[in-house]
Amino acid sequence: MTYNHEYWMAKAIQLAKKGRYTTHPNPRVGCVLVKDQQIIGQGFHVKAGEGHAEVNALADAKQDAVGATAYVTLEPCSHQGKTPPCADALIKAGVARVVYGMQDPNPEVSGNGLAKLKKAGIEIVGPVLEADCEALNPGFIKRMREGLPYVRVKLAMSMDGRTAMESGESQWITCPAARLDVQRLRAQSDAIVTGIGSVLADNPSMTVRIDNNDQEADPKSVRQPIRVIMDTALSILPEAKILYPTHQAWVFSVEDEVEEEHLDVLTKKGVTVRFAPRSEDGRLDLLDAMEQLADAGINEVLLEAGAELAGGFLEAGLIDEIVVYMAPKLLGSSARPLFKLPLEVMDEAVELTLKSVRQVGQDVRLVYLPSYLDDDFEADFEE
C-alpha cells in the first residue's frame, strides 16, 4: 500500500492552524490518524495545559487506532509536562507508523520522542513538509534555538512611505479591513511592544479587539497579549490606558533612572517593572529585554511603535518580519517616516526580501524579511 504522506501532513497542518490564537506559549500542532486511507481521528492542540494534538486525535478516533498511521506536524513529546507524554499515548494506542513534520526544536528533548517510538517498534517517517510545519511556529522555534522571541513590526504608511503627519496625527491612515487584520496579528502574539513616546502621545490601550462576527478568530477564546512598554526613565503615568484593564503589563526601564516612589506606585497597581542595562548609545538595551521576554515564555512579539523604536529594533538585528499596510494616500514630504535610521550612503541601505503581498480592503499588506536573517532561512523562502 502506498501512502501520500504530503497529502495527510497538509491536513495536519490545517488543523494546527486552528490553534493560532490560543496555544501560546506552546507550539501549534495538528495530528491526523489514518487507517486504510481514511481519517479515523484528528485533533489539534487548543490551549496550554490541555490535551496535545495526538491525544485529541486519539480521543476523536472513530475506530481502534491499532495499525494506524499518525501524521503529526511536530515530533511527539516524550516528557511529562502539564500533560502526559504524547509518545506514550501513541505507543499505548498501537499505531504502526508515525510521520512527523519536524523535530522538536528544544535541544534538550529533540529526537527523544522519535527514539522512544522507534524503540517501541513503531516505524518513523520524516520530516515531511518540514518548511510548512516550521512556518506554524516561528516564535516557538526561535525561542528554543536562539533564546529570543520572533519579532514582527507592524507599520501603517501612505503610498509615499509616511506613517503620520508632522504633528503626529495618524488616525486613520489605513482602512477598517486593515485595522481588523492588525487585531488578528495582535491576537496571535504573546506580547505587544511599544515605546513610551507612543504611550505619552496617544495613550493607547493596545488590547485585542475581535468582533463577535469574525470568521477567523473567536473573541471568547482569544487571550490578551502582555503589553510591554520600553521606558528608559520610567516616566509612564500610572493611569495610562495601556496598563489597564488588568491584563498583564510590563514596563522595561534602566534601573539607575528610576524614582523609587514612582516605582512603588506602579507595582502596587499590578504593573511588572523589569530592568535592562543601558546600551552603548545610552538607550535601553533591547536585546536584553527580548531575552527576558523569551525567558518568560514569550514566543511571538508584535512591535507597534514609532520610527525611533522601530529603527532601534532594526539596527539591533531584532526584527524578523516587517508587516506594512500601505494605504492609497499621500501624506507629503514633511510627514513622519517608517524607521528612524542613521543612514547616509547607499551602501548602508537595509535590503529586504518580499515574502508576500495581499490586498486588504483598499490597502495593500506587504510582508518583508530583513536582509540580516541567516542564509538558510532566506534559502528556504526562495525555494
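I take contact to mean heavy atoms within 4.5 Å. By that rule, residues 24 or more positions apart account for 69% of the contacts in the chain with a separation of 6 or more.

I note that this is a predicted model, where local features need pLDDT of at least 70, side-chain atom pairs count only at pLDDT 80 or more, and totals for chains, interfaces and linings use all residues. I number residues from 1 along each chain as its sequence is written, and side-chain values use heavy atoms, with hydrogens and water left out.

**Overview.** I find 12 helices and 16 strands in the chain; these are DSSP runs numbered from the N terminus, helices being H or I with at least four residues and strands E with at least two. Buried residues make up 49% of the 383 residues. Buried means under 20% relative accessible area, exposed over 50%, and partly exposed in between, with a 1.4 Å probe and protein chains only.

**Annotated site.** I looked up the UniProt record, an unreviewed entry, and its "binding site" annotation covers His52, Cys77 and Cys86. The three span 35 residues in sequence, yet no two of their C-alpha atoms are more than 9.2 Å apart, so they gather at one spot. UniProt positions are given in the numbering used here, feature names are shortened, and annotations may be inferred rather than shown by experiment. I place His52 in the loop between β2 (38-44) and α2 (53-60), and Cys86 in helix α3 (residues 86-93). Cys86 has 0% relative accessibility and counts as buried. Beyond its neighbours within four places in sequence, Cys86 is in contact with residues including His52 and Cys77.

**Salt bridges.** I searched the whole structure and found 15 salt bridges, each a side-chain nitrogen of Lys or Arg within 4 Å of a carboxyl oxygen of Asp or Glu. In one, the closest N and O atoms of Arg186 and Glu304 are 2.7 Å apart. Arg186 lies in helix α7 (residues 176-187) and Glu304 in the loop between β12 (300-303) and α11 (307-315), so the pair ties together parts that are 118 residues apart in sequence. Both Arg186 and Glu304 are buried. Lys62 and Asp60 also form a salt bridge, at 3.7 Å from N to O. Here Lys62 is exposed at 66% relative accessible area, while Asp60 is partly exposed at 30%.

I checked β15 (residues 352-360) and β16 (residues 363-370), which pair in the antiparallel sense over 8 bridges; strands pair if DSSP finds at least two bridges between them. Val357 has Leu366 of β16 as its bridge partner. The two strands form a hairpin with 2 residues between them, and Gly361 in the turn has a positive phi of about 60°.
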